[in-house]
Amino acid sequence: MIKELLADKKEISIRELDEKAKEQGISGRTMRDVRSRMKNELEYQVNEKQENSIRLKE
């Protein structure tokens, strides 16, 4: 799910990612675990709204 949302070099806020996961019945804890396992593939930053966001590393 994370890779689909971040396809084409998109960036998404952690909040928005967690909301989309919740809609699909995935808990916030599960998403944190997955993001932790994907740490070598993800780049964290702060977006223009001052929210933590992620995108796939190039």
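Predicted model: local features only at pLDDT ≥ 70, side-chain atom pairs only at ≥ 80, totals over all residues.
Biologist: How many salt bridges does a search of the whole structure find?

Modeller: Side chains of opposite charge can pair when their charged atoms come close. Here the criterion is a side-chain nitrogen of Lys or Arg within 4 Å of a carboxyl oxygen of Asp or Glu. Searched in this way, the whole structure gives a total of five salt bridges.

Biologist: Which residues are linked with Arg15 in a network of salt bridges?

Modeller: Within helix α2, which spans residues 14–23, Arg15 and Glu19 lie four residues apart, about one turn of the helix, and their side chains meet at 3.1 Å, N to O. Arg15 also forms a salt bridge with Glu51, at 2.9 Å from N to O. Because Glu51 sits in the loop between β2 (42–46) and β3 (52–56) while Arg15 belongs to helix α2, this second pair ties together parts that are 36 residues apart in sequence. The residues that join Arg15 in the network are therefore Glu19 and Glu51.

Biologist: In the salt bridge between Asp18 and Arg35, which residue is buried?

Modeller: The two side chains meet at 3.2 Å, N to O, and the pair links distant parts of the chain, with Asp18 in helix α2 and Arg35 in helix α3 (residues 28–37), 17 residues apart. Buried means under 20% relative accessible area, and Asp18, with 24%, is partly exposed.

Definitions and conventions
Residues numbered from 1 in each chain as written. Heavy atoms only, no water. Helix = DSSP H or I, 4+ residues; strand = E, 2+ residues; numbered from the N terminus. Buried < 20%, exposed > 50% of the residue type's maximum accessible area, 1.4 Å probe, protein only.
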